[in-house]
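Colleague: I am new to reading structures, so please take me through this one slowly, a piece at a time.

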Amino acid sequence: MAALEHFTAVLGQWVIQNRGLDYAGTDPVMLDLLRWHGAEEIEHRSLVFDVYQNICGNYVIRAFSMLMTAPLFVSWWIAGARYLMANDPTIDAKWRWRDWLRAARQYKLPGPWRILVTVPPRYLRPSHHPSTEASTQMAMDYLEHSPAATAAREKGARAQPDPDDDHSPG
Ligand SMILES: [Fe+2]
């Protein structure tokens, strides 16, 4: 789980910082939901790692688990994409590696190279701690200013009675 959380934190940062999905015309509500989830993944990125370090902390097990998790994560990613594409009545495209590579070049997805080659080694450093990956402040800023948070705040403000609008008798 700690190795998986390393990926979800990296993906959380990627989805908040990357503008490729905005330029691609992604549904704004879905994109906000995705970024909210990304911020939530960044926010708890150290939790499982800290628990592991406290109850065991063995480096060999930690490193081995990442070497198992990286290919598993990519295979789950592909299986998930295949499933969603097969069940989406609005498209008839099939999942293909070359489409993933093209989407990565267009900043619509993190590429397989990043997920399999550049991200895992950072976790393998003996001195690694998730706090050095992504930024809690960035996640908090997103949660503070996300379209859904802003809309909820405005809705809440409208629901509050106006203090200047005094209907009390007398
Ligand atoms: Fe998580």
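Colleague: Is Arg19 buried or exposed, or partly exposed?
Modeller: Arg19 counts as partly exposed because its relative accessible area is 39%, where buried means under 20%, exposed means over 50%, and partly exposed is anything in between, using a 1.4 Å probe and the protein chains only. Please keep in mind that this is a predicted model, in which local features need pLDDT of at least 70 and side-chain atom pairs count only at pLDDT 80 or more, while totals for chains, interfaces and linings use all residues. Residues are numbered from 1 along each chain as its sequence is written, and side-chain values use heavy atoms, with hydrogens and water left out.

Colleague: Which residue does Arg19 form a salt bridge with?
Modeller: Its partner is Asp22, with 3.5 Å between the closest N and O atoms; a salt bridge here is a side-chain nitrogen of Lys or Arg within 4 Å of a carboxyl oxygen of Asp or Glu. Asp22 is itself partly exposed, because its relative accessible area is 33%.

Colleague: What else does Asp22 form a salt bridge with?
Modeller: Asp22 also forms a salt bridge with Arg35, where the closest N and O atoms are 2.6 Å apart. This pair links distant parts of the chain, since Asp22 lies in helix α2 (residues 20–23) and Arg35 lies in helix α3 (residues 28–43), 13 residues apart. Helices are DSSP runs of H or I with at least four residues, and strands are runs of E with at least two, numbered from the N terminus. Arg35 counts as buried because its relative accessibility is 6%. Through shared partners, salt bridges join Arg19, Asp22 and Arg35 into one network.

Colleague: How many salt bridges are there in the whole structure?
Modeller: A search of the whole structure finds 6, including one between Asp99 and Arg96, whose closest N and O atoms are 2.9 Å apart.

Colleague: Changing topic, what coordinates the iron ion?
Modeller: The iron ion is coordinated by two OE atoms of Glu5, an OE atom of Glu41 and the NE2 atom of His44, at 2.0 to 2.7 Å. Donors are N, O and S atoms within 2.8 Å of the metal (3.2 Å for Na, K and Ca), and sites may look incomplete because water is not among the atoms. Glu41 counts as buried because its relative accessibility is 12%, and His44 also counts as buried because its value is 18%.

Colleague: And how are the donor residues spaced in sequence?
Modeller: The donor residues of the iron ion follow the spacing E-x35-E-x2-H.

Colleague: Which part does UniProt call a "transmembrane region"?
Modeller: The UniProt record, an unreviewed entry, places that feature at residues 59–79; its positions are given in the numbering used here, feature names are shortened, and annotations may be inferred rather than shown by experiment. In the model, residues 59–79 are 100% helix and 0% strand, with the end C-alpha atoms 30 Å apart.

Colleague: One last thing: where does Leu47 lie?
Modeller: Leu47 lies in helix α4, which also holds Val51 and covers residues 47–55. Leu47 is exposed because its relative accessible area is 55%, whereas Val51 counts as partly exposed because its relative accessibility is 44%.
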